Amino acid sequence: MPPLKSKIRENKIQIELRDICKSFGGNPANVGISFQVSSGEILGLVGENGAGKSTCMNMLFGHVEPDRGSILVDGKEVRFRSPKEAIKAGIGMVHQHFLLAPALTALEHLELVAGSDVHAYAIEAMHELGFDLDLKRRVEQLSVGQQQQLEILKVICQGARVIILDEPTAVLTPVEVGPFLQRLRRLQESGHAVILISHKLDEVLQVCSRIVVMRAGRVAGTFAGAGDVHGASVDSLASAMIGEAVSHDQGTVLRNEPGTSPVLDIVNLKRPDGAESLNVSLVVNQREIVGIAGVQGNGQELLFKAILRIVPRSRGESGTISVSGKELSGMSAEKIRSAVRIGVLPFDRRSEGLLLDGDSATNLLLSGVNPSSFRRIIPWNLLRLRAREFFAKYGILPANWTGHARLLSGGNQQKFLVAREMEQEPALILAAHPTRGVDWRSSRQIHDALLLARNRGAGVLLISSDIDELCRLSDRILVMLRGKIVSEFRRDIHRGFDVTGIGLAMVGGSKNAASGVVS
Amino acid sequence: MNPLHFGKSIFFRWPWLTAIMMGLTTGLCAAAVAGENPFHVLLIMIKAAVGSPYDVGMTLVYTTPLIFSGLSVAVAYRAGLFNIGAEGQLVVGGMAATAVALRLSALLPDFAADTSFSGKAAGMIVCGLAAGLTGGFIGLMIGYLRARRGSHEVVTSIMMNFLAMAFTSWLVLEKFHSTDTQNPETSPVGNAFKAINFRGFDGAPVTIWFVIGILTAGLIAFLFDRTMFGFRLRACGENPVAATFAGIDTGRQMIIAMALAGVLAGFSGLGDILGGAGRFRIGFSSDYGFTGIAVALLAGGRPLAIIASALLFGALHKGALDLDFETDHVTRDLAMVIQGCVVLFASARWFNRIKSP
């Protein structure tokens, strides 16, 4: 193999995406995406979940083919039918979840992808890029940061000149982030092109030369990065990500005055679980929807499961959770559900909410399974009647459905879940992403159902990655970051919520940081 | 009607029928390859299975344990578990019933000699309790290890099978060995403990346990279809995550399911042991526990279908016995070939169910 320096430096690369479109089952995921990146550049790619970043990168890496538009490598149009072809063209991708075998050594991994004569080349590359990695160690002996270096090294040894990194800092501890960003700069100096996908805007601003912001499948803006006088700020990126045009209309259901007696009261709930820690105090009152905003994976799911006691109590867990004045701390999941009425819209309706091979009566029964009804004979006919009633009342289609839940569409499955949970008149509703992947009209119906339940007296804890949804439904919004609630926003009667502020808080910025951003 | 379409519709509507027909055909083809006339073989098997009242009786005798072991596997299966340990549970259950009966026969000779209906009924209840409780205890252990300690139930139940075999052999040979025979069997239990036999089968020991088996199947069907108890088990089997979100303790349901499976398996051996000689003989079970897996699979885990499925495998077992001396080139092992093929085609049906509209 030729020496690294000459190899990279003489092989400059330029990649361009031109007007790329892709839709899945009629839902557009990418609409007219265009940008380019060339050697010696770090391009930041930011956007909310579902903004289309992954789809875009999957097309660049050959996982999926675009419907329209073209990808150009060094000015020549190419088509990648598989990742193999993308790798051949010099494109490499490091996924968020590593693809490594714990029992193999680092060197063995490199040999697997790049042949047995890779050793000297790898040593040289490591030296050049400032990697700190013992190739003779097995992967299970490496730290997460070193495993990540190995993944990058794998890609380089395969001859990649464009390296896509998907959320690379999400797995790193805070102290590892600094050195990692240093190594990114070395990669850039050695003539690689880097595409950095990240939710952490301050990091993106630190290292990227240009930043592409995506929103709802489109490029919402391209910003100059650090070092440029007219460079972006966390603030400008956040508002571009979220979009200024947040609709504040109230919908068809008017909200009445929030109550003051707490339905859910969490006091100093602490779980010292290393990567997934939790440190939360919050109150949800009657007739109140409390939204939890936050980038996915900052403890929202854990909080949800801790309330329901679906995750076992961890060592050193402390704090109390009460629902409707009943303290739940000592109770098992079963006890909790028979002691208080909680309506649950889980994160994944298919895997967590439904028996897909059961009919609607069976699925209706699922939420009524507490030990107090242990000896009851199941009234199937009654359940079938009620299911039909719910289908009519909530506009679930097809109306006379008797088949398996599996065959209902996603939106109708979700509406069914909403019907099932709301009709039990729960005191507390835990709703996670209630309209994810649901079309506009059904979303509206689900929102109305949640608001009606709120007006009736229920307290709702709403987790969502959709800021519009949070602003529309919530009476208060709490922002969660790394297992903690970092700020609270209240609905302003006239202007709704401070969307920019929420966006900032989600990524760890603040008003002060925004004005002076990044050195 | 287009014959192809007709075949397809039968295939999707009654997949079990397809499985049986294809399994039988494959087995008979194997017999043909071995040099037998397949129709001749089929005729011998049918005659041996249902040719005379005695043959019918023996078919029912073989069916009885299969109903219980099939139900045992099905209960676990519906709760998302695989009970491969029915064999061990039935051996231990049978041994416990025998041991209790023998001890009581020695302690209360008057009671043991009572052959009136009430005496027999009391004996049956005692034996049933002993068998059910011990079988259930083994199932409970397997379920506990799976739910709370994370050991896979297939591994632990296979291990339990070995322990069960070794332990019962030791008991038979060292503790309860019959004084009047060299065979590896216990002394006979008192008459009160011998199961009530039906007459009319020319001496084939069809016992009350056959009827209990059918009633139990009905009871299990009722539990699964009409009670919250059964629904909770089923929910765990169909989607444990959704069950957890609905507030069901899936671990506890696993333990309950395995314990119930153990109880049912524990009953399997009673018809054989208490119906005929009234002794526990080492190796009395001709793999009833394992055949139970085939029975449950063909029935798709539905309790009432298990009765039919057990009858089929019972008849197959009985029918194949005559092959040993009626044919030159095949033996009773042909039953195993057919059984294997039926299971294979019955399993393929799960795939079809998912794919078919």
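Visitor: Within how many Å do the axes of helix α4 and helix α6 of chain A come, and at what angle do they cross?
Guide: In this predicted model, the axes of α4 (residues 106-114) and α6 (residues 144-157) of chain A come within 9 Å and cross at roughly 30°. Axes are lines fitted to C-alpha atoms over the stretch in contact, with angles from 0 to 180 degrees between N-to-C directions. Helices are DSSP runs of H or I, at least four residues, and strands are runs of E, at least two, numbered from the N terminus.

Visitor: Roughly parallel or roughly antiparallel?
Guide: The crossing angle makes α4(A) roughly parallel to α6(A), a term for angles under 35 degrees.

Visitor: Which residues make the contact?
Guide: α4(A) contributes A:A106, A:H109, A:L110, A:V113 and A:A114, and α6(A) contributes A:L150, A:L153, A:K154 and A:C157. Two residues are in contact if their C-beta atoms, placed from the backbone, lie within 7 Å.

Visitor: How many helices and strands has chain A?
Guide: Chain A has 19 helices and 20 strands.

Visitor: Now the partner chain: how many residues of chain A are in contact with chain B?
Guide: 26 residues of chain A are in contact with 17 residues of chain B. On the chain A side, α11 (333-339), α12 (349-353) and α13 (360-366) each give two or more residues. α11(A) gives the most, with four residues.

Visitor: What about numbering and confidence limits?
Guide: Residues are numbered from 1 along each chain as its sequence is written, and chains are lettered from A and ligands numbered from 1 in the order in which they are written. Local features need pLDDT of at least 70 and side-chain atom pairs count only at pLDDT 80 or more, while totals for chains, interfaces and linings use all residues.

Key
Angles under 35 degrees count as roughly parallel, over 145 as roughly antiparallel, 65 to 115 as roughly perpendicular and the rest as oblique.
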